[in-house]
Amino acid sequence: MKLYEVKNLSFSYPKSNRDIIANVDFDVEEGEIYGLLGRSGAGKSTTQKILIRLLTGYRGTILFKGTDLKTYNNSFYEEVGVGFEMPVHFSKLTGRENLLYFSKLYKNRADVDDLLSQVGLYEDRNRKVGEYSKGMKVRLNFARALVNNPKLLFLDEVTNGLDPGNAKNIKTMIGKFRDNGGTVFLTTHLMNDVEELCDRVAFLSGGQIVETDTPKNLKMKYGKRTIKVEFKENGELMDKTFPLENLGTNEDFSELIKNKEIETAHTGETRLEEIFIDIVKDKL
Amino acid sequence: MSKIITLISGEFIRLYKYKVLQVSLAVTAIWMVVAGLVSKDEAILISPFLILTDITMMASLLLAASCFFEKQEGTLLSTIVSPVRLLDIIVAKYIVYTIYGTISGLLVSIILISVHNISINIGLVLLYSFLICINSCTLGYIFISISKDFNTVLMALMGTVMVLSAPSVVFYLGLIPEWTKYILFLSPYHVAYLLIVSTMGSVSLVDTLVSIAYLIVVTLPLIYFGVIRRYRAFVLRG
């Protein structure tokens, strides 16, 4: 089932005569992690702000669960969680007090202590947020987005500023959220997050979606699968890269395997980051 | 309704946690000391100014400070992506800072009564403080929507109070003719002053009623056009 159906979406800020988003079409399926990628200023945050009803005055149609988004009132947020990139907490209140306060604004409330445990902040729950490190604030932001047991999560640069361990933990939680039927709309510039998390990804450039597909399909479509062979020649370590296509009939490759002392051989594929740069460069 | 109560209690808790409550109580205490130290004649002369300054500043400045604090910390944004209406947030702040200003004005009035035995109608102080606080909160909201930061709000409010109160001061010093008192009714500060003076019984009923009506007539459209229609832009402003 389609959660969002976006048709011909355009938006310009009041004092600008330029559309920051122009005639954008996309769908978000229920139960998927949908990633929106783009450079700074590409329109990612604007798109997210429109989808969460913060920005109005857009042109085009947005259907949420088949109904015009404009017809929803604030009860829309009962099942939506929003994780902002910047800290959104009262610095003189503790982490626990912050989550308790926000949770009281919803009908459906998650167990705040459980959330704090999951994001690794339980031990620091009674410390003022002003004393938290950047990474702790990011994790608290994520917990804030979950205080109402949402069915739809909007996450903006969710792992930005986290150490690898905590980033992995948050990504695991996002994966579990999806596995339990939740839908995630992720805006980020971190390709690792996209590759690890997203079921589908859209590349936004110059206010337009220039490509949408699964990370795997994008790699198939745009990527180059190769094998890199390291070998010794005259006592020196050398390397050569061959395309995986028709490798069996590649004479250079066969020659190398037969005649050289092979040190290592690794298959490789184009990273999503490279594909993104290529596509965006082509469409600019 | 329960969400408004959550917003109100949250606002009061933050006033305490951010030590705004303590500081403003200290300011009220200073007013009370000033009120207690002056002679009875001086007290009669300055008490309307003391009460008025106390309640208007408490209401408008604390509200503006609260809004800018929350904006700076991103919590306003976090609140409007919850099932709370923007109007609920606005109303909650009106309630908190009206209660705050009213209590503050009440405390100064009680000191004036108990120390100097000045006759002040406490019931009317409550009623008029309420009206004046609503007007002051509205000004606070309007100034935050057109100011970049709290310092600008502070300067704008100070400037407005000075500009609006100057004609009244000139009038009471006898520097302008008697008939100009009707023009002074155009100043919300002047009518607020008259209302506070009327709690001590020295203002005609007609002037009092005109002041009440004027304050309401001026404030209501300001609430709609200056607060409700502009607050969202303030919250979303980068």
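Trainee: So helices are DSSP runs of H or I with at least four residues, strands are E runs with at least two, and both are numbered from the N terminus. How many helices and strands does chain A have, then?

Mentor: Chain A has nine helices and 13 strands. Keep in mind that this is a predicted model.

Trainee: Noted! What does the C-alpha trace of chain A span along its principal axes?

Mentor: About 70 × 45 × 35 Å. Of the 284 residues in chain A, 37% are buried. Looking at contacts in chain A with a separation of 6 or more, 69% are between residues 24 or more positions apart.

Trainee: Let's go to a sheet. In what order do S11, S12 and S13 of chain A come?

Mentor: The order is S12-S11-S13, in an open, antiparallel sheet of three strands. Strand S12 (236–243) and strand S13 (261–268) of chain A are the edges, each pairing on one side only. From one strand to the next, the twist averages 20°.

Trainee: Which helix packs on that sheet?

Mentor: Helix H8 of chain A, residues 251–259, which touches S11, S12 and S13 of chain A. The direction of H8 makes about 150° with that of S12(A).

Trainee: And how many bridges are there between S11 and S12 of chain A?

Mentor: Eight, with S11 covering residues 226–233. To find your place in that pairing, look for A:Phe231, which stands opposite A:Met238 in S12(A).

Trainee: What about A:Glu245, is that buried or exposed?

Mentor: A:Glu245 counts as exposed because it has 11 C-beta neighbours inside 10 Å, and the cut-off for exposed is 12 or fewer. A:Glu245 is in the loop between S12 and H8 of chain A.

Trainee: Switching topic: which strand does S6 of chain A pair with?

Mentor: S6(A) runs parallel to strand S7 of chain A, residues 152–156, and four bridges join them. A:Gly83 stands opposite A:Leu155 in S7(A).

Trainee: Are the faces of S6 of chain A covered or open?

Mentor: Both are covered. In a regular strand, side chains alternate between the two faces of the sheet. In S6(A), residues 80–83, A:Val80 and A:Val82 lie on one side and A:Gly81 and A:Gly83 on the other, all of them buried.

Trainee: Last one: how many residues of chain A are in contact with chain B?

Mentor: 22 residues of chain A are in contact with 17 of chain B. On the chain A side, they divide into 14 nonpolar, four polar and four charged.

Notes
Residues are numbered from 1 along each chain as its sequence is written. Chains are lettered from A and ligands numbered from 1 in the order in which they are written. This is a predicted model: local features need pLDDT of at least 70, side-chain atom pairs count only at pLDDT 80 or more; totals for chains, interfaces and linings use all residues. Two residues are in contact if their C-beta atoms, placed from the backbone, lie within 7 Å. Ala, Val, Leu, Ile, Met, Phe, Trp, Tyr, Cys and Pro count as nonpolar, Asp, Glu, Lys and Arg as charged, and the others, Gly among them, as polar. A residue is buried if 20 or more other C-beta atoms lie within 10 Å of its own, exposed if 12 or fewer, and partly exposed in between; C-beta atoms are placed from the backbone. Two strands pair if DSSP finds at least two bridges between them. Axes are lines fitted to C-alpha atoms, for helices over the stretch in contact, and angles run from 0 to 180 degrees between N-to-C directions.
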